[in-house]
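Reader: I would like to learn how to read a protein model feature by feature. Could you take me through one, giving the general idea before each case?

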Amino acid sequence: MTQTANVREFNVEPELDSKTIHAIPPCVVHDTPVLNVLDESVHYGDWRDDLARDGYCVVKGVLEKEKALKYADDIKDWLEGFGLGYKRDDPSTIREECLPIIHQKGLLQAYGATHESFTWGVRSEPAVIDAFAHLYQDPDLICSFDAVNVSLANRQDLPANGAWPHQDQDPERGGLRCVQGFVNLLPNGPEDGGLLVLKGGHKVSEEYHNVFRNEPRDFRWTNEMYLFKETGLKWLADRGHEWVKVDAEPGDLVLWDSRTPHYNASPKKNTDRFVVYVCMLPVSTATQEDLIRKKELFEEQHGHSHWPMALQPFIKAFLEPQRNGKPDPHNTWKPRQPPQLSERGYKLTGIPYIKA
Ligand SMILES: [Fe+2]
């Protein structure tokens, strides 16, 4: 169930002082409805209580452990299949020459990863779809065509990922508008890198952005993102909000409110981190134009950010992996095979909801 965006008192007229000029990001997108689905005063008796209170939650065992590990094996097959030399049992091959190009944040948005068999397999798992349908109390959903995260342990040739606290929602558009997530595929404990969240940070998001509205903002590729600075992080810490490393088992679904400050850290020990990002919203949050754009992206096997209504198609000029200073010839932007979707998986593309 959704409601239209008419409840953002904090967003009626942003009060910028006359000296403030924020650079306009290259990708500015239309507004989306505030979701009327989580109320902290309600006792749901499940993980929605955690999500409403803390701004994140772990939905345990959405996939059986064996199934999650099989998806992780599929990703290793895929990495080996590039023929560059990576072998899952040979640590000397965990380096750039032997792998597709993966930067230190672990995000793989090129190489067709968005539409690979394992990515669509995870998105289409009935239990994953059911979790989002439960959250929104709505069976008609669309899903993001987003990335996977392949953070290999013991990468000697990459610096550790520094903290990059951000929220994936426009600071001028408050309220709960999106719940992001990933399905975790490998054991992920305190030393294994992964997601850090600022617990409860979603609840002060609107107040925060009113306070920091006039602070200069760093470059961001889209308006639906905000990067926190030391000043803002101190403000949040002074209000008692703490960073939490989210641990998860293979098959757990991790969800967070897009207002919750978060970032990911590199593995510190010997366990790889593999996740498939999954974000779903009711199809009613998308316009027909959104769905038509999403159809075109699906047919081109192109990706977009976590916003399921395809607000932000990936910009190849930003994402093109470079090998020895040139575009990597191993990146065709296509999966090995066009995706084969179940009927339920196909509905997530939004195509069946396009009116003739
Ligand atoms: Fe993010």
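Author: Let us begin with the pairing of strands: two strands are said to pair if DSSP finds at least two bridges between them. Please keep in mind throughout that this is a predicted model.

Reader: Which strands pair with strand 7, and in which sense?

Author: Strand 7, residues 194–198, is joined by 4 bridges to strand 11, residues 262–265, and the two run antiparallel; within this pairing, Leu196 has Tyr263 of strand 11 as its bridge partner. Strand 7 also pairs with strand 9, residues 243–245, in the antiparallel sense over 3 bridges, and there the bridge partner of Leu198 is Trp243. Because 4 of its 5 residues are buried, strand 7 is largely enclosed by the rest of the structure.

Reader: How should I read the two sides of a strand, and which residues of strand 4 lie on each side?

Author: In a regular strand the side chains alternate between the two faces of the sheet. In strand 4, residues 148–151, both faces are covered, with Val148 and Val150 buried on one side and Asn149 and Ser151 buried on the other. As for its partners, strand 4 pairs with strand 2, residues 107–108, in the antiparallel sense over 2 bridges, and Val148 is there the bridge partner of Leu108. A further 4 bridges join strand 4 to strand 12, residues 273–277, again antiparallel, with Ser151 standing opposite Arg273.

Reader: What span should helix 2 have, and what does the model give?

Author: At 1.5 Å a residue, the 17 residues of helix 2, residues 65–81, should span 24 Å, and its end C-alpha atoms are 24 Å apart, which agrees. Just after this helix, Gly83 takes a positive phi of about 70°.

Reader: Which residues are buried in helix 4, and why can they be placed on the same side?

Author: In helix 4, residues 126–136, the buried residues are Val128, Ile129, Ala131, Phe132, Leu135 and Tyr136. They cover an arc of only 155° around the axis, which puts them on the same side of helix 4.

Reader: Where does a positive phi occur in a residue other than glycine?

Author: Most residues other than glycine have a negative phi. Gln301 has a positive phi near 55° and lies in the loop between helix 7 and helix 8 (316–319), where Gln301 is partly exposed, with 17 other C-beta atoms within 10 Å. Helix 4 is followed by Gln137, whose phi is also positive, near 50°.

Reader: Which residues touch the most other members of the largest nonpolar core?

Author: In soluble globular proteins, nonpolar side chains tend to be buried together. Here the largest nonpolar core has 71 residues, of which Val183 and Val278 touch the most other members. Leaving out residues up to four places away in sequence, Val278 touches Val122, Arg123, Val128, Cys143, Gly181, Phe182 and Val183.

Reader: Finally, how does the chain as a whole agree with a compact globule?

Author: With 356 residues, a compact globule would have a radius of gyration near 21 Å, and the protein chain has 20 Å, which agrees. The C-alpha trace spans about 55 × 50 × 40 Å along its principal axes, and the secondary structure comes to 9 helices and 15 strands. Buried residues make up 42% of the 356 residues. Among contacts between residues at least 6 apart in sequence, 86% join residues at least 24 apart.

Notes. Residues numbered from 1 in each chain as written. Predicted model: local features only at pLDDT ≥ 70, side-chain atom pairs only at ≥ 80, totals over all residues. Buried ≥ 20, exposed ≤ 12 C-beta atoms within 10 Å, placed from the backbone. Arc of directions from axis to C-beta. Rg over C-alpha atoms; globule rule 2.2 N^0.38 Å. Contact = placed C-beta atoms within 7 Å. Core = buried A, V, L, I, M, F, W, Y, C linked by C-beta atoms within 7 Å. Expected span 1.5 Å × (residues − 1).
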